[in-house]
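The sequence and the structure are shown first, and the description follows.

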Amino acid sequence: MMIKKKNISLFLFLSISFFLFSFQSTAQKFTAQTSKNQLAVGELFQISFTLNASGSNFKAPNLNDFDVYSGPNQSTSMQIINGNMSQSISLSYMLSPKKEGKFTIAPASIVVNGNKLESNSIVIEVKGNANQQNAGNRNSGNNQAAGNNSGVSSASSNDDVFIKTIVSKKSCYLGEQVVVNHKIYSKPTLRGFQNYKMPNYTGFWSQNENNKNKQIQLSQENVDGSIYYVADFSTSYLFPQRSGQLSIEPMEVECVVRRKTNRQPQNIFEQFFGGGGYEDAVVKAKSKAMVIDVKALPENNKPADFNGAVGNFSLKAEISKEKVKENESINLKLSITGRGNIKLTDAPKINFPEGFETYDPKISESYSEAGNFSGTKTYDYLLIPRRSGEFTINNLSFSYFDPEKKSYVNVPAPEFKIVVSPDPNGSANGNSVQAYVPKTTIEEKNNDIRYIKTGDLKLEKADQHFFNSWKHYALLALPLLCFTGFIVSKKSHDIRNSDVVAVKQRKAARLAKKQLQKAEVFKNQNNKDAFYQEVSFALNSYISNKLNIPIADLSKDNISLQLMKRNVSDATITKLNATLNDFDIARYAPSAVSNDIHIVYNNTIELIKNIEDETRA
Amino acid sequence: MKQGLKLIILLCFVSHFIFGNELIEKAKNAYDKGEYKLAIEHYENIIAGGETSSLLHYNLANAYFKNNEIGKAIYQYHLAHKLDPADKDIKHNLTIVSKKTKDQIENKENYFVKNIESGVLTAYSLNGWAWSSIISLSFALLFFIVFLINEKFKKIFFWLGAIHVLIFIGSLIVGFAALNEVTNKNNAIILSAEVSVVNTPTEEAKEQFKLHEGTKVTVLESNSKWTSIQLENGNEGWLQTSHLGLF
């Protein structure tokens, strides 16, 4: 519907003139005409320059005081009347004055057959503002109620042209989708739009319907008994980003409309084709501001994994493989499909098992805008298990707020069981990626303190340390005392043991006693031979030890002499000699001795005892 | 011998034990029920009764921490750690609770040397060093006795004895160092939520910086009113002793 500016250059047009009327030099006229001489600022008017011949080198006048909406638009006409052919070329501009005042449009010039022709000049008077002049008296009565929750506002800058803003909801939840529709109503035919300004949807995240390549659909509607042309100008999907009263600012557009003029048709053809009586006019239109009440999301029952999704969604989760080897990749695909602020939602948090290497998901999106903003957002996770074993991915879910149900909805995903078998040539293989297992120690995870100690707390007196106390020193002294005792006893032991003879003498009685014990065994068995042998040996070795005389050197004289030296009484000596004699006889002729061996035994013990007593005295 | 002596020591304090055990049980029940304030009260009463142990300070510290008193908790953990430097539970909880302090002070000292030094000092508790000295001396003398009696392996027993003499001397040296560490209160923990550190020990002094609950400082000089402290990053200043828990 936009006016197509005919941008064929003037030069091209003039050079391709295929009729040469050079011979026809009669009455060449170059005139300038304007559709209006008096108008308001912003009002559109046409100025046209007409030549009834062919020319070249057209020079337009200075049009700095005006906005050029279109032009130069050229048209040619040819007439053959009674064999006389006449032609005319017309160049026209659509202009609009920039400001008030009286302006003179200077003559244009053109070259015809080498002669330069100039048109007449035109005076334009501009008074007032087109928009103000025509400011609407038709705002009332235009509003259509479109349901409880929707609102419509319209504002017109003109009786005949206004914009309706239709919102799907006047009150909504934070993040809930609101569809805003701008419709342009116009009584005169709509020819196009220009300089449109979409509002800044402050406080909203907005998605405008892609209308660049879209033909704006025109329909007709009956409003209060009048037929209006209706252009569905734009649709926006808004998602409030904060709660409170959010306003939708007005949108502005300049509409080009075809409007009937009071000018009479210039000729019969114009009249016939409906032309001439119409002109293009620019009308500025502005919608009314609207306020949308945005409610905050309820706090209670808010799921922990809620991340701001509002609308109606479904969750699909797929896994590429459930049985893999170590270091083999797995794809986990999460698709969230639905209507709402899906573009703004984050990936759901997934607790991947430890030992899985994960990467940021690849996100792919597809959306449609058919009346509602909906679509699918897909998160593609790449997982590489670095350890073998059985793993589960659970707790995978997506939460959103359903504004229709006014409650939170949690969509769970199925639980995935992954069996990872060990890679036979795993880490040994240089090609495989080295396993990376994050070294989070248990201590780091466990952020709570350990439990108190129970049972005996081993209380002690404060500031009484065992170290450096008397108990400590007492316990240190104990081994030292033992050691000293040992050293002392060892020393005296050594001294006494240093005199071999004295030791032998001291031990003589003890040794004899031992040997007599052997003899006693034989005595009890009544084994006379063995008894006398033992008892004789015991007595002899006792005397040998006691007197320090080797057994071989023992003789009665020798023994008597030595015993006398040690103050042993004669009686004892005599007794000893007698006993030794008895033993000798018994050894060589046991039958000759009739003495009872018990008495012999006791006598021997008594004898040794006597000698011991007397030597000590 | 060791058991016997321990028994004697135990008997000496048997009355205290009966009194203490009752409070310990009460405190534990309070702790389990989440009545940390009551648990703290019980434990503090035991300490006020003149008794102490690393485990007691540890339990008290846990209760303080659960009661959100970070500064006191850290102080009690340090007291416990000082009495039994080898206990892993104490170290673990101290590490966790220390992370909750507000002040983060960069340490400029040579950590390695300090770690070795404190590592040796904290290998045993003070009692451990005492027992170590007694046992090593006993063994040394035993080996010397064997050395004197034995005919065959004299050399081996001599060296065994000599080594134990060295262990004995070492235990005493380290023990005295540890005793010095325990009796001298060279460190302190900030107990108040926020404390101004000033440049002179006077009321009108200018504030140099602020310290928060739980921060550990080194004590340079201390009296009942003012304490001169040094931070691990070298900053020095004075603050009122009442804000500190010295250990």
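## Overall composition of chain B

Chain B contains nine helices and eight strands. The model is a predicted one. Of the 247 residues in chain B, 36% count as buried. Among the contacts in chain B with a separation of 6 or more, 58% are between residues 24 or more positions apart.

## Nonpolar cores

The largest nonpolar core has 44 residues, and the members that touch the most others are B:Tyr43, B:Ala61, B:Ala73, B:Ile74, B:Tyr77 and B:Val97. Elements of chain B that give two or more residues to this core include the helices α2 (14-33), α3 (36-48), α4 (54-66), α5 (70-83) and α6 (88-98). The strands β2 (187-190), β3 (194-198) and β7 (236-240) of chain B also give two or more residues each. At least three residues of the core come from each of domain 1 (2-98) and domain 3 (187-246) of chain B.

Apart from neighbours within four places in sequence, B:Tyr43 is in contact with B:Ala27, B:Leu56, B:Asn59, B:Leu60 and B:Ala63. A second, separate core comprises 36 residues, among them A:Tyr237, A:Leu315, A:Ile330 and A:Leu334.

## A helix pair in chain A

In chain A, helix α6 (residues 500-525) packs against helix α7 (residues 528-547) at an angle of about 180°, and the two axes are 8 Å apart. The helices α6(A) and α7(A) are therefore roughly antiparallel to each other. The contact of α6(A) with α7(A) has 13 nonpolar, four polar and six charged residues.

## Contact between the chains

The contact takes 24 residues from chain A and 37 residues from chain B. On the side of chain A that touches chain B, the elements giving two or more residues are β33 (460-461) and α5 (470-497) of chain A. With eight residues, α5(A) gives the most to that side. By class, the residues of the side of chain A that touches chain B are 13 nonpolar, five polar and six charged.

## The surroundings of A:Arg259

A:Arg259 lies in strand β20 (residues 252-260) of chain A. Is this residue, A:Arg259, buried or partly exposed? A:Arg259 counts as partly exposed because it has 18 C-beta neighbours inside 10 Å.

Leaving aside neighbours within four places in sequence, A:Arg259 is in contact with A:Pro188, A:Tyr278, A:Glu279 and A:Ala281. A:Pro188 is 71 residues from A:Arg259 along the chain, and the C-alpha atoms of the two are separated by 6.0 Å.

Methods:
Residues are numbered from 1 along each chain as its sequence is written. Chains are lettered from A and ligands numbered from 1 in the order in which they are written. This is a predicted model: local features need pLDDT of at least 70, side-chain atom pairs count only at pLDDT 80 or more; totals for chains, interfaces and linings use all residues. A nonpolar core is a set of buried Ala, Val, Leu, Ile, Met, Phe, Trp, Tyr and Cys residues joined through C-beta atoms within 7 Å. A residue is buried if 20 or more other C-beta atoms lie within 10 Å of its own, exposed if 12 or fewer, and partly exposed in between; C-beta atoms are placed from the backbone. Helices (H or I, at least four residues) and strands (E, at least two) are DSSP runs, numbered from the N terminus. Domain bounds come from an automatic or database domain assignment. Two residues are in contact if their C-beta atoms, placed from the backbone, lie within 7 Å. Axes are lines fitted to C-alpha atoms, for helices over the stretch in contact, and angles run from 0 to 180 degrees between N-to-C directions. Angles under 35 degrees count as roughly parallel, over 145 as roughly antiparallel, 65 to 115 as roughly perpendicular and the rest as oblique. Ala, Val, Leu, Ile, Met, Phe, Trp, Tyr, Cys and Pro count as nonpolar, Asp, Glu, Lys and Arg as charged, and the others, Gly among them, as polar.
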